[in-house]
Amino acid sequence: FCPETKFMRGRDTKGNWRTLFDPMRLGHGADTPSDYTEGNAWQYTWHVQQDPEGLINLLGGKAAACEKLSTLFKLESKVEGSGFVLDVSGLIGQYAHGNEPSHHTAYFFDYMGAPWKTQETIREIFDTQYKNAPDGLCGNDDCGQMSAWYIFSAMGFYPVCPGSGEYVIGAPAARRITLRLDGGAELRVRAPRLDAHNVYVQRVELNGRPWDKTYLRHADLAAGGDVLFVMGPRPNRAWGAAAAARPYSLSTGR
């Protein structure tokens, strides 16, 4: 992390920052003058799923980090640089949904105390980056990841940090999804009020009880049960504040 530019930035073999630094410039390995693979500094700076709080602190706190992340989605949707950059596709600003390194990024708003921004952004990705057609994916479905993102996100949660045992809450895209689990149990995820207007999470219930966190635990879901999303037309900032117990971080072990 470079304190001067507020981006993840490459160093040369002598430990000096790379000069002529351009956070928009794409790279792909040794054949391009960049230290990023299929991406740029805007995309890779967020690639710290194991310690989002550490990055937030480096960026100056939740408000500053939220502003920078919001900017990511508002920048001009263009690519700069040479080399193999075909995978940098599905652009919303400089967010590239067509390539896996960006896939967790929209969920980082949860860590910044703004889960409604995650919900808005997830909805935009659903609406603009997927369609029911032969060319319906905006990028290469490497190992099924483009599809996996959709299925997880449609249920309303996503494994930002695989291995943590927790899923960060987003915004469901279906009124009802049922998973048939090993041993015969079922996990039922419902959002009965979801429609074109009711797209914001008002509250979450797990097995009939209020859930006051912005993540769900794998151990609770693996046993089966019911997850209820109560949806509404406007952000429920009170729920977002009440659910401020932040998602898992490997840096703290909590």
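Q: Which residues make up the covered face of strand β8, and which the uncovered one?
A: In this predicted model, Leu-187 and Val-189 form the covered face of β8 (residues 186–190), whereas Glu-186, Arg-188 and Arg-190 form the uncovered one.

Q: What makes β7 and β8 a strand pair?
A: Two strands count as paired if at least two bridges are found between them; β7 (residues 176–180) and β8 are joined in the antiparallel sense over five bridges, so by the criterion of at least two they are a pair. Thr-178 has Arg-188 in β8 as its bridge partner, and in the hairpin of these strands, with five residues between them, Gly-183 takes a positive phi near 90°.

Q: What makes β8 and β12 a pair, and in which sense do they run?
A: Four bridges join β8 to β12 (residues 225–232), and the two run parallel; since the criterion asks for at least two bridges, they pair. Here the bridge partner of Leu-187 is Gly-225 in β12.

Q: Why is strand β9 described as largely enclosed?
A: A residue is called buried when its relative accessible area is under 20%, and six of the seven residues of β9 (residues 200–206) are buried, so the strand is largely enclosed by the rest of the structure. β9 and β10 form a hairpin with two residues between them, where Asn-207 in the turn has a positive phi of about 55°.

Q: How do you know that Asp-110 has no salt bridge?
A: A salt bridge requires a side-chain nitrogen of Lys or Arg within 4 Å of a carboxyl oxygen of Asp or Glu; the nearest side chain of opposite charge to Asp-110, that of Lys-62, is 11 Å away, and Asp-110 is buried yet has no salt bridge. Asp-110 lies in helix α4 (residues 108–111), and its contacts beyond four places in sequence are Pro-115, Thr-118, Val-168, Ile-169 and Thr-214.

Q: Why are β5 and β11 called edge strands?
A: Three strands form an open antiparallel sheet in the order β5-β6-β11; β5 (157–158) and β11 (215–217) each have a single partner strand, so one side of each is left without a neighbour in the sheet. Two bridges join β5 to β6 (residues 166–169), and Tyr-158 stands opposite Val-168 in β6.

How values were computed: Residues are numbered from 1 along each chain as its sequence is written. This is a predicted model: local features need pLDDT of at least 70, side-chain atom pairs count only at pLDDT 80 or more; totals for chains, interfaces and linings use all residues. Side-chain values use heavy atoms; hydrogens and water are left out. Buried means under 20% relative accessible area, exposed over 50%, partly exposed in between (1.4 Å probe, protein chains only). Lys and Arg count as positive and Asp and Glu as negative; His and the chain ends are not counted. Contact means heavy atoms within 4.5 Å.
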